[in-house]
Amino acid sequence: MAGQLIKVLLVEDNPGDVFLLQEFLKEVTTARVELQPVERLSEALDCLVNDSFDVMLLDLSLPDSQGMETFVRATHQAKATPIIVLTGLDDETLALRAMQEGAQDYLVKGQVTGDLLVRSMRYAIERQRVEDALRQSEERFRVALKNSPIFVFNQDKELRYTWVYNPISGWTVEEMLGKHDFDLILAKDAQRLTAIKHSVLTSGIGTREEVSITTPQGIRYYDLTVEPLRNELQEIVGITCASIDISERQAALRDRLLAEEKIREQAALLDVTTDAICVRDLENKILFWNKGAENLYGWKAHEAWGKNVAELLFNEPSAEIEAALLNVVAKGKWEGELNKTTKSGREVLVSSRWSLVCDAWGKPKSILSVDTDITEKKQLEAQLFRAQRLESIGTLASGIAHDLNNILTPILAGAQLLPLKFPDADERTLHLLEILEINAKRGADLVKQVLSFARGVEGKHITLQIRHLIVEVAKILKETFPKSIEVCIDVSNELWMVSGDSTQLHQVLMNLCVNARDAMPNGGKLTISAQNLFIDENYARMNLEANVGPYVVMTVSDTGVGISGEILDRIFEPFFTTKPVGQGTGLGLSTVIGIIKSHGGFVDVCSEIGSGTHFKVYLPAVGGTEILNAEELTPFTGNGELILVVDDEPAIQDITKTSLETHQYQTLIASDGIEAIALYAKHADKISAVLIDLMLPSLDGLTAIRTLKKINPQVKIVATSGLLSRNKLEALDNAGVATFLSKPYTINELLLALQKVLNY
């Protein structure tokens, strides 16, 4: 509504209320409002005759009209103007009646704020515009439908016609309403139509069919579309149908299809296609074998001629093949997917189309089959389905992790703050506080695993050398793993660099190695290797997650029990584990894949029962030299600086306030974005920095940050959140916020973040 002129007709006989509403509108809206107050309903009705308004604010108690009669008279005159009832009558029954009669809103004086009034006006105006647009659209649809050749109708669940438009020539609307198909057309046609419609009613899935109907004008062909008709509760209450007469083109289409079919049969015999084409007699002996069949199955034409197809391409007799033979002989065609074996013993999946070939007298003489190799396509589909499933689970995990971070933040900060508050506490109390802090950190680490899986948290990526990580992890493994497990490393001396978070990649290696240890309860060999690999276009085509370019490949191999094929496809799901209760969270591999995907890489796994498992982690390689992490800094205490803390969680407000004031800062607390903006506008000259959560009620954190930047472009901001997506991180950068603090945060992390923005 900013900048736009809004004409408001205010029907109110109390001058004080008129003045108050005028002040409300001046304070809270940037739109230009032209308010025309009148005291009587009759005056309002005269105004509506001579002028138009965007919205009417109507009091129900007027000198010349009272109660619902006021609204009924007003709405009868102002059909094109949205009406908001604004009255002192706090009557739920009256409010309900007004809304049922068409009021856009019912507001009670004394409970109305400027924001509420403006929102209600905006809603009323927008709703009226939508309704006007809908009426215009319906009229255009009616005109278009009237001039189209499409026959449209609805039927109820008993398949009685309830609405008809442009009926088939030979019937009128009156003749069709309330009737069934059996009342109008021949039984065989009605039976066919009824079966189609019952299928849609039963399944809830629409269909499109070509049907023939004997009408008073003769046999006609129709393109029929049938969709389920649902009520507000999404219950199926009937069907809606549209059909168009295609009789004129049907004859030409049949002739063309027959000609094309003959051409296809002739062309299929040409030896120029990549598909495998085979012609065999009714005894299954091969008569023709093209180059495509040679390339796919490995058998040369002279090797295949005269051989039995079942013996050549199938390892054992199949009931599916027998059924296909019977079907093609009976119906002339068959299509389906078949597993076949090549000359080398490799299994391939093919999409197979069979056609029955007859002689000049119509007697079947052979079967033509065309096979397309879809093995690679099916593998890619399986990868895609798994990725989609993991993405859905990740969305759920992200939401849970965000709430847990908000819970853990005050617990962790409190456990670190209490020893400072009570330095003379006894040893047992200090020990209990230490246990509380340790377990809060364990909970935070578990949440970080979930967030890493869900790709909700981005680590700090630097250019690093994987070799150092592998050597460090191998040292830990040799010191902590059973002596029965031999730990070996094999890393190229010229290994490329990668861009990543060393802590997260360390976690990836540890998770994979711990799983390998658990797979070798009686001992074995654990090997960690790394090498350079350039992925070409051919490899990238076969793996949806790979891109052409240089990669560093880390491989963690064990000689353990292996993973069965039944569960191999589920191992990356969060909380899925084959370990006994209490021995694993099921988050190890889901964390691995979440971290690697956030690094732009992917993971492959192969395993064989009794022979071990190999996990291959692919990370994009980068140029440049290694960047080492700086040692952790000790933060300075404050000098009385005023910090505005914005968070909707009372526990986080309290613990953050206490933590900052303990370290010589002052604080102001806001519970949402609107309150934060108001406090900052009032104390802008005193506030040194703003600590603001991104997920706030009323006005979200990102919008509040942008508003604060408009008030003071130099405002210093530390953004916090229990869950930060890549899109949000980019939005923060665009908003000029360079410092982000992930929940749960320690007091040390909080002080360091403030130290960074305050430029100590």
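Guide: A nonpolar core is a set of buried Ala, Val, Leu, Ile, Met, Phe, Trp, Tyr and Cys residues joined through side-chain atoms within 4.5 Å. Buried means under 20% relative accessible area, exposed over 50%, and partly exposed in between (1.4 Å probe, protein chains only). The model is predicted: local features need pLDDT of at least 70 and side-chain atom pairs count only at pLDDT 80 or more, while totals for chains, interfaces and linings use all residues. Residues are numbered from 1 along each chain as its sequence is written, and side-chain values use heavy atoms, with hydrogens and water left out.

Visitor: Which residues touch the most other members of the largest nonpolar core?

Guide: Ile-466, Leu-477, Leu-505 and Leu-526 do, in a core of 41 residues. Elements giving two or more residues to this core include helix 15 (466-480), helix 16 (502-518), strand 21 (524-535) and strand 24 (612-622). Helix 16 supplies the largest share, seven residues. Helices (H or I, at least four residues) and strands (E, at least two) are DSSP runs, numbered from the N terminus.

Visitor: What is Ile-466 in contact with, leaving aside its neighbours within four places in sequence?

Guide: Contact means heavy atoms within 4.5 Å. With those neighbours set aside, Ile-466 is in contact with Leu-495, Val-498, Leu-505, Val-552, Met-554 and Leu-619.

Visitor: Why is Asn-154 called buried?

Guide: Its relative accessible area is 16%, and the limit for buried is under 20%, so Asn-154 counts as buried. Asn-154 sits in strand 8 (residues 150-156).

Visitor: What makes the pairing of Asn-154 and Thr-240 a polar contact?

Guide: A polar contact is a pair of N or O atoms within 3.5 Å; within protein, one must be able to donate a hydrogen and the other to accept it, and residues adjacent in sequence count only if both atoms are side-chain atoms. The side chains of Asn-154 and Thr-240 are joined at 2.8 Å. Beyond four places in sequence, the contacts of Asn-154 include Arg-160, Trp-163, Leu-229 and Thr-240.

Visitor: What makes the link between Lys-109 and Asp-59 a salt bridge?

Guide: The term requires a side-chain nitrogen of Lys or Arg within 4 Å of a carboxyl oxygen of Asp or Glu. For Lys-109 and Asp-59, the closest N and O atoms are 3.0 Å apart. The two residues are 50 apart in the chain, Lys-109 in the loop between strand 7 (105-108) and helix 5 (114-146), Asp-59 in the loop between strand 3 (55-58) and strand 4 (61-62). Together with Glu-12 and Asp-17, they are linked in a network of salt bridges. The structure holds 18 salt bridges.

Visitor: Are Lys-109 and Asp-59 buried or partly exposed?

Guide: Lys-109 has 24% relative accessibility, so it counts as partly exposed. Asp-59, at 4%, is therefore buried.

Visitor: How do you know that Lys-597 and Glu-545 form a salt bridge?

Guide: Their side chains meet at 3.6 Å, N to O, and the limit is 4 Å. Lys-597 lies in helix 19 and Glu-545 in the loop between helix 17 (537-542) and strand 22, so the pair ties together parts that are 52 residues apart in sequence. Lys-597 is partly exposed at 22%, and Glu-545 is partly exposed at 29%.

Visitor: Where are the partners of the Lys-197 and Asp-181 salt bridge, and are they buried or exposed?

Guide: The closest N and O atoms of this salt bridge are 2.8 Å apart. Lys-197 is in helix 7 (residues 187-203), and Asp-181 is in the loop between helix 6 (173-176) and helix 7, 16 residues apart. Both Lys-197 and Asp-181 are buried.

Visitor: Why is Ile-411 called partly exposed?

Guide: Its relative accessibility is 33%, which falls between 20% and 50%, so Ile-411 counts as partly exposed. Ile-411 lies in helix 13.

Visitor: What is noted about phi of Leu-159?

Guide: Phi of Leu-159 is near 65 degrees, a positive value in a residue other than glycine. Leu-159 is found in the loop between strand 8 and strand 9 (161-165). At 5% relative accessible area, Leu-159 is buried.

Visitor: How many of the residues in the chain are buried, as a percentage?

Guide: Buried residues make up 43% of the 760 residues. The chain has 24 helices and 29 strands.
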